[in-house]
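Please open the model in your viewer and keep the selection tool ready.

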Amino acid sequence: MILKKNGVHLISVMEPIAEGSQGILVETLLEGMAEYYSAELSEKVIRGQTENALKGKCTGGTGTIGYKIDEDKFYHLDPLTAPLVLEAFQRYDNGDKMVEIVNFLNDKGVRNMLGGKMTHSSVNTMLKNRRYIGELSFRDIVVPDAIPVIVPKDLFDRVQKRLDKNKRAPACSKADEEYLLTTKLFCGKCGALMFGESGTSATGRTYYYYKCANVKRRKGCNKKTVQKDWLEDLVVRETMKLIQDDAVIDKIVQLVMDVQNQENTTISLLEKQLREVNKKLDNLMKAIEDGLYTRTTKERLEALEIQKDELTVKIADEKLKKPSFNEDFIRFWLMKFRKFDISQKKQRKALIEIFINAIFLYDDRMLITFNYKDGTQTVRFEDTLTANSAEEKSLDLFSSAGPELFSRETEELFVLS
């Protein structure tokens, strides 16, 4: 998904993905299931790293200036760099500028853990590293007095206060708002992409919304902006309705199985080549049995046997590299989405990335297109949705005969009060 957002088309020799909505769905499902396996492996690794942290051992990474790590992963003071780390803290506490400390460490030959020269960023990171007071942390676990101390606690605290005071800009710590519909939301009037934007009211409150790119560039489109949270909530709810339908789940499972079988061309091609080689070997053996055995037939026989061995190994290797998913696992994986907490941004994002193909937004309605093709489905209801305490929007849904990619196609009408 990140590659697509940056205009990069993913081409996999091992897993060729077809174009169109079915290919998009299969690609995202395969990515998701691979991520599931990765997460399961990650949990096992995390357990081992947690145990190391509790024992005061290194949990991975590039290391820390001032320490050496022995074969058993325990930390020890580096007699060459540990005193220089302490002096860097003392210099900053005494009022030295960051650039002066950078120059001091570089003059002393101190290098970062990647072998490069010390920079403003690497020194800033060093001055914030709580390992120097003996504290070792991993995820939510903090182990005090786990490793040898380089910097006294009172000196470390004074340095933190000065660092906090000397922050270059208040806005540096401000997190960027994430717009979940970016690259999937299009203006229904002009077809341009719609992007996230924010504005601040006279009271200081920040508002987030989506705006047509051509409106932003003043290219003639008059599409109204739409409040971000309201629109994203609506899209997420409609996606959750889709995956709550057992019939839809059954069809998606079958779709994935069909496309997976169709696209597994590498193994079938190798198996075809192996059958051809076996046929040639049979014919050659018959010729030898009939008395036709020369240096040429001997060389040909050896070449075919080598080719057969190579193809056999390649087929086995391909099967290991590309395991096929059975229906039960695909169904199990899809069912996990039903338990998603849609108040969590990460889970909302996953729903949109996997199931939404595109959204066409008008001033009075929107058209959601899913990565799943099965004709049209009409959904009607009359609910009042509150975008925030000041705005109310009413909603109707109708079926629509749209582009070929649409499967469950809905037009959602809303009126801004």
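Begin with Glu87, which is partly exposed at a relative accessible area of 28%; here buried means under 20% relative accessible area, exposed over 50%, and partly exposed in between, with a 1.4 Å probe and protein chains only. Before going further, note that this is a predicted model, in which local features need pLDDT of at least 70 and side-chain atom pairs count only at pLDDT 80 or more, while totals for chains, interfaces and linings use all residues. Residues are numbered from 1 along each chain as its sequence is written, and side-chain values use heavy atoms, leaving out hydrogens and water.

**First stop: helix α3**

Glu87 and Arg91 form a salt bridge, with 3.2 Å between the closest N and O atoms. The term stands for a side-chain nitrogen of Lys or Arg within 4 Å of a carboxyl oxygen of Asp or Glu. Both residues sit in helix α3 (residues 82-93), 4 residues apart, so about one helical turn separates them. Helices are DSSP runs of H or I with at least four residues, strands are runs of E with at least two, and both are numbered from the N terminus. Arg91 is partly exposed, with a relative accessibility of 28%.

Now select Asp96 as well: salt bridges with shared partners join Glu87, Arg91 and Asp96 into one network.

**Second stop: Lys228 and Asp229**

Which residue meets Asp229 in a salt bridge? Select Lys228: the N to O distance for this pair is 3.5 Å. Lys228 is buried, at 2% relative accessibility, whereas Asp229 is partly exposed at 38%.

Next, pick Arg348 and Asp233, whose side chains meet in a salt bridge at 2.7 Å, N to O. Arg348 belongs to helix α13 (residues 345-355) and Asp233 to helix α8 (residues 228-243), so this pair ties together parts 115 residues apart in sequence. Arg348 is buried, with a relative accessible area of 10%, while Asp233 is partly exposed at 29%.

**Last stop: the whole chain**

Clear the selection and zoom out. The structure holds 18 salt bridges, and the protein chain has 13 helices and 13 strands. Of its 417 residues, 37% are buried. Colour the surface by atom type: the accessible surface of the chain is about 24,500 Å², and 51% of that belongs to carbon and sulfur atoms, with areas computed by the Shrake-Rupley method using a 1.4 Å probe; for residues, only the protein chains shown count as cover.
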